[in-house]
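I opened my notebook for a look at how this chain is put together. Here is what I am looking at.

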Amino acid sequence: MKIPLFDIDGTLFKTGGQLHQEAFNYAFEKVYKIPAKQTDIQPEGMTDKQIIIEVLKVHGISPEVSRQKVEQAMAQMSKYFVSHKEEAKPVILPGVISLLKKLKEKNVPMGILSGNVETIGWTKIEQAGTRKYFSFGAFGDKTEKRAELVEIARQNAGKVLNRDLEINDFIIIGDTPKDIQCARDNGIETVLVSTGIYSFEELQKLEPEVLVHNFEEELQKVVDFIS
Ligand SMILES: [Mg+2]
């Protein structure tokens with residue numbers, strides 16, 4: 001049995017991408033006093049912390065300067081997102097609930113590995129009514145490198161499950177090339193699902209261990225691979 005680390009956006013839910021973008025833009029304005037936009041770069045698969053640094057780079061602000069206020073910026077993002085959360089409810093992607101239920105029945109511990117700022121990530125998960133399935137998480141406010149989230153997940157899972165875990169005990173479940181890159185950087189396996197912005201054919205070229213169109217039609221294949 002492996003412990004799955006689920007990505008959020010495009011994997012579990014179609015989320016309030018718009019609201020998340022607005023939260024970034026609010027923080028750029030509020031903390032850095034510039035009209036920067038999250039969409040000034042291609043942010044898919046990056047951690048939120050990394051996105052802030054990369055967007056500001058485009059606006060001529062050095063990472064050294066950006067980092068001085070990045071915690072403050074992420075706190076403003078969380079505040080904005082939580083106070084507007086009713087405007088954008090996450091839409092649960094096909095088969096996600098069945099998959100989570102099946103894995104829970106089999107006593108598979110489940111975690112989140114997401115580029116989202118932690119408060120924003122858990123807010124989406126709670127709004128979708130899925131908080132009960134996840135016992136730990138590793139989030140994008142802790143690092144600018146997605147690959148480092150696996151070690152953070154390992155440590156957090158170890159505390160919650162009260163046992164020593166190896167990196168190899170985990171697999172990544174995601175929807176983008178960055179998810180599989182993150183897994184490969186850690187030498188672990190990947191399940192990819194084409195419910196995000198990448199097509200099945202695009203993801204197929206990356207040769208993940210398992211690739212499905214969605215978790216509804218190919219539920220058993222994913223359950224068997226994990227458990
Ligand atoms: Mg994603």
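I started with the domains: the assignment for the chain, which is automatic or from a database, gives domain 1 as 3–15 + 90–226 and domain 2 as 17–86. I looked up the spacing next, and the C-alpha centres of domain 1 and domain 2 are 23 Å apart. Their contact draws on 18 residues of domain 1 and 17 residues of domain 2, where two residues are in contact if their C-beta atoms, placed from the backbone, lie within 7 Å.

A note on what I am reading: this is a predicted model, in which local features need pLDDT of at least 70 and side-chain atom pairs count only at pLDDT 80 or more, while totals for chains, interfaces and linings use all residues. Residues are numbered from 1 along each chain as its sequence is written.

Which helices each supply at least two residues of the side of domain 1 that touches domain 2? I found helix H6 (118–127) and helix H8 (177–185). H6 gives the largest share, four residues. I sorted that side of domain 1 by class and got four nonpolar (Ala, Val, Leu, Ile, Met, Phe, Trp, Tyr, Cys and Pro), nine polar (the others, Gly among them) and five charged residues (Asp, Glu, Lys and Arg).

Then I checked the whole chain. I count ten helices and eight strands, as DSSP runs numbered from the N terminus (helices H or I, at least four residues; strands E, at least two). Along its principal axes, the C-alpha trace spans about 50 × 35 × 35 Å. Finally, residues 24 or more positions apart make up 62% of the contacts with a separation of 6 or more.
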